[in-house]
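Please look over the sequence and the structure first, then read the notes.

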Amino acid sequence: MISNESGANGPAFFCLKILLMRGRVFDGNHNACHESWQNMAWNKGGCMSDHMTVLVTGGAGYIGSHMVLALLDAGHQPVILDDFSTGHETLVPNGVPVFRGNVADPALVAEICNSYDIDAVAHFAASIVVPESVTDPLKYYLNNTASTTRFIAACVQAGIKRFVFSSTAAVYGNQDSNPIAEDASTQPENPYGTSKLMSETILCDCARATGISYVILRYFNVAGADPKGRAGQLSEPATHLIKVAVEAAVGKRASMQVYGTDYPTPDGTCIRDYIHVSDLIGAHMAALAHLQAGGESMLANCGYGHGASVRDVLDVVAAQAGKKLAISDAPRRAGDAAILVADSTKLRTALGWTPQYDDLQKIVSDALAWERANS
Ligand code: UDP
């Protein structure tokens, strides 16, 4: 047994564990690990107060990598599980332990949980492209629903007590009215939404049976990049509107299309509630704190409560880039709901979430800065 003044969860112990795991994880930079621990808030006894070790699936991806940064910034210990199908090693900060593999691999999940005292799981790993889910639904039911089921089973087996799950506004589909509250009917327009909704149900049933507590977060449209420029979207090929538009703005693509101009909206294009990725991660940090404090399982929307049309977004991107984008109108894209705007009252009241970047200009400027720096 290794001991040190601050106990088995202290910094030296963790650094040693990371070093011991070399060969099984591709990272393990002792200096960087030490540095990340130096930034932590210590209480009088020399121990971390409220310290958590959090397993972040999809931690090398766009949203998961922002979660890893937020955990480090707050003095927690992230442990990444990622199969790198869409993740990037460049998005993994030095010193963070990384397990390369699939969430559906129970032996790997058991190995991680045996190696680290996991206080909570944040499950981001998923396939997330709406039109692809229409043409390849099995990919979504296998990657999202089936793999998540196996992952939940492995977490139950390992005794995980807290689970934060990335879900989506796509579970709502077309609604008669917006903003949409959590008690609205669920009627997904595409297999992506259905695959996530089924996972929600499975998680809720398992939580009731096993005592796991969870927070399900239904994301509206996540965009932007870390305001400090440490992480952003690297997906290839890009499909999400703001990413596609900033690629067009920096000359990475010659042109882009507006999918559908005959929707029942003021300018005929779809309306979405774009949320800055750092505010979305703020919701996850609030969810973890809620669960750690013994809070009840819950479900909350993540959005600002107001929307922008596709044309609104493209106007902002063009204005910030200082150039006219080559845009053409195209038919509707399969699976798109006309309007998705969050009622995020629950997130604000139950979890005390206060957004910091509720501004389309800021979302676009951070996305553009990231694109310029990484193209
Ligand atoms: N969209 C578009 N052109 C693009 C990408 C997206 O017109 O190149 C539209 C899309 O049809 C939808 C909105 O932008 O109406 C948001 O789509 P996105 O893929 O960003 O997110 P989703 O709402 O599908 O999760």
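Tyrosine 192 touches Ile128, Val130, Ser133, Tyr140, Thr168 and Ala170, leaving aside residues up to four places away in sequence; two residues are in contact if their C-beta atoms, placed from the backbone, lie within 7 Å. The model is a predicted one, in which local features need pLDDT of at least 70 and side-chain atom pairs count only at pLDDT 80 or more, while totals for chains, interfaces and linings use all residues. Residues are numbered from 1 along each chain as its sequence is written.

**Tyrosine 192 and the chain as a whole**
- Tyrosine 192 counts as buried because 26 other C-beta atoms lie within 10 Å; the cut-offs are 20 or more such atoms within 10 Å for buried, 12 or fewer for exposed, and in between for partly exposed, with C-beta atoms placed from the backbone.
- Tyrosine 192 sits in helix H7; helices (H or I, at least four residues) and strands (E, at least two) are DSSP runs numbered from the N terminus.
- From tyrosine 192 to threonine 168 the C-alpha distance is 8.7 Å, and the two are 24 residues apart in sequence.
- The protein chain contains twelve helices and 14 strands.
- Of the 375 residues in the protein chain, 48% are buried.
- Of the contacts in the protein chain with a separation of 6 or more, 78% are between residues 24 or more positions apart.

**Ligand shell**
- The ligand is surrounded by 15 residues, and the closest are Val130, His240, Leu241, Tyr259 and Cys270; a residue is near a molecule if its C-beta atom, placed from the backbone, lies within 6 Å of it.
- E8 supplies the largest share of the shell, four residues.
- By class, the shell has eight nonpolar, four polar and three charged residues; Ala, Val, Leu, Ile, Met, Phe, Trp, Tyr, Cys and Pro count as nonpolar, Asp, Glu, Lys and Arg as charged, and the others, Gly among them, as polar.

**Helix packing**
- Helix H8 (residues 241-249) packs with helix H10 (residues 310-321) at an angle of about 30 degrees, and their axes are 10 Å apart; axes are lines fitted to C-alpha atoms, for helices over the stretch in contact, and angles run from 0 to 180 degrees between N-to-C directions.
- H8 contributes Leu241, Ile242, Ala245, Val246 and Ala249 to the contact, and H10 contributes Val310, Val313, Leu314, Val317 and Ala321.
- The contact of H8 with H10 consists of ten nonpolar residues, with no polar and no charged ones.
- In helix H12 (residues 360-373), the buried residues are Leu360, Ile363, Val364, Asp366, Ala367, Leu368, Trp370 and Glu371.
- These buried residues of H12 pack against strand E7 (221-223), H8, strand E10 (274-276), strand E12 (308-309) and H10.

**Alanine 70**
- Alanine 70 is in helix H3 (residues 62-73), and it is buried because it has 21 C-beta neighbours inside 10 Å.
- Alanine 70 touches Ile281 and Met285, residues up to four places away in sequence not being counted.

**Backbone details in loops**
- Asparagine 178 and proline 179 are joined by a cis peptide bond, with omega about -5 degrees.
- Proline 179 is in the loop between strand E5 (162-168) and helix H7 (191-210).
- Phenylalanine 84 is not a glycine, yet has a positive phi of about 60 degrees.
- Phenylalanine 84 lies in the loop between strand E2 (77-82) and strand E3 (98-100).
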